[in-house]
Amino acid sequence: MPKEKIEQEMEDLEEIKEETAEKKAESKEKTIMDLPGVGAATATKMAEAGYSTLLSVAVATVGEIVELTGVSEAVGRKMIQAARSSLDMGFVSGEEVLRKRALVERISTGSKVFDNILGGGVETRAITEIFAEFGSGKTQIGHLLAVNTQLMKNEKNPVAVYIDTENTFRPERIVQLAKGAGLEPQQVLKQIKVARAYNSDHQLLLAERVEELIKSQGLNVKLVVVDSLTSHFRAEFIGRGTLAERQQKLNKHMHALLRLADTYNLSVYVTNQVMARPDVFFGDPTQAIGGHVVAHSSTYRVYLRKGKKGSRVAKLIDSPSMPDAECNFIIETDGIKDVQ
Ligand code: ADP
Ligand code: MG
């Protein structure tokens with residue numbers, strides 16, 4: 001795509017963003033500007049760090065706020081307290097939570113054992129993160145989920161959104177996987193909306209634009225893939241001095257994705273790279289990019305690696321309701337299969 005076109009697209013996206021912000025301002029909801037000590041400058045800073053709503057402040061830790069926005073600990077603490085008391089953060093009955101949870105749906109990976117360790121597939125209202133080295137199958141799983149979104153039982157014309165940052169989306173691969181799932185490939189392709197993200201700003205804007213697809217175009221988006229979540233961030237923010245800025249931006253991105261998942265009962269699947277940890281001599285000497293920000297915002301985290309005879313080993317880590325577990329599967333032309 002020529003540079004002018006990208007710039008034009010970015011401008012359009014900015015416009016949409018501004019309009020949405022204006023609409024929000026009109027509806028007189030309480031905002032972070034209502035918090036003690038938060039003026040326009042601090043509010044901008046906080047929004048940049050991902051704290052654009054009272055809820056995001058209310059659920060943050062003092063340490064996070066201090067690290068990501070640069071306010072003092074005392075101010076951070078006050079802001080959190082004020083946000084908490086201004087929101088109805090009281091108790092709801094377990095029954096009510098259960099009723100909400102009953103709306104949760106799942107997208108199958110195609111492998112029984114893989115679905116099982118995730119509690120039945122990739123969940124809606126959640127972010128599922130896969131972190132792995134290059135060539136492990138992260139992108140393959142993204143393609144597969146985009147196809148299998150069509151297999152959701154209670155959804156009419158479900159749509160998968162694919163935000164592609166590494167130019168690895170392949171419609172040919174979708175065709176193969178669709179055939180493998182017994183679906184009409186052309187129909188599946190129609191239900192997948194792909195956008196190439198050219199840099200991290202573009203990536204954030206595209207994620208925000210998903211809401212437009214749902215609201216203005218009335219699409220029933222059930223899956224958002226961000227493949228890869230971290231590659232632009234890794235490439236653009238080099239050196240220790242830029243770490244805080246990178247983490248702020250990632251935090252904002254993760255908050256936006258989580259809000260989408262929660263508001264529209266959809267699944268978010270993000271892929272993450274690992275970096276070598278030369279200081280680790282025992283165990284696996286790799287670590288996911290994005291640190292605590294990504295780790296804390298992801299609902300399900302799966303570490304993927306190559307296993308014996310071309311198989312893949314997926315390990316579930318830190319799930320809210322599932323035990324840490326491991327499984328084996330194979331990636332084949334027509335889908336993901338259990339190891340026999
Ligand atoms: P990552 O995104 O983690 O870097 P990929 O998802 O691109 O990794 O995985 C690449 C691997 O997927 C290939 O090395 C190959 O093993 C497998 N793969 C890709 N395409 C096919 C296919 N058509 N049939 C079977 N396996 C495939
Ligand atoms: Mg990939």
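Trainee: Which backbone oxygen lies 2.5 Å from a polar atom of the side chain of Ser136?
Mentor: That of Glu133. Bear in mind that this is a predicted model, where local features need pLDDT of at least 70 and side-chain atom pairs pLDDT 80 or more, while totals for chains, interfaces and linings use all residues. Residues are numbered from 1 along each chain as written, chains are lettered from A and ligands numbered from 1 in written order, and side-chain values use heavy atoms, without hydrogens or water.

Trainee: Where is Ser136 found?
Mentor: Ser136 is in the loop that runs between strand 3 and helix 8 (DSSP runs, at least two residues of E for a strand and at least four of H or I for a helix, numbered from the N terminus).

Trainee: Buried or exposed?
Mentor: Ser136 has 4% relative accessibility, so it counts as buried (under 20%, with a 1.4 Å probe and protein chains only).

Trainee: Switching to ligand 1, which residues are closest?
Mentor: Gly135, Gly137, Lys138, Thr139 and Gln140, out of 14 that surround ligand 1 (a heavy atom within 4 Å).

Trainee: What lies 2.7 Å from an oxygen atom of ligand 1?
Mentor: A backbone N or O atom of Gly135. At 2.8 Å from a ligand 1 oxygen there is a backbone N or O atom of Gln140. Thr139 uses its side chain instead, with a polar atom 2.8 Å from an oxygen of ligand 1.

Trainee: What about strand 9, why is it called largely enclosed?
Mentor: Because 5 of its 7 residues, in the stretch 300–306, are buried.

Trainee: Which strands are joined to strand 9 by bridges?
Mentor: Strand 3 (residues 126–132) runs parallel to strand 9, joined by 5 bridges. Strand 10 (residues 312–317) runs antiparallel to strand 9, with 6 bridges. DSSP must find at least two bridges for two strands to pair.

Trainee: How many residues sit between the strands in the hairpin of strand 9 and strand 10?
Mentor: There are 5 residues between them, and Lys309 takes a positive phi near 50° in that hairpin.

Notes
Buried means under 20% relative accessible area, exposed over 50%, partly exposed in between (1.4 Å probe, protein chains only). A polar contact is a pair of N or O atoms within 3.5 Å; within protein, one must be able to donate a hydrogen and the other to accept it, and residues adjacent in sequence count only if both atoms are side-chain atoms.
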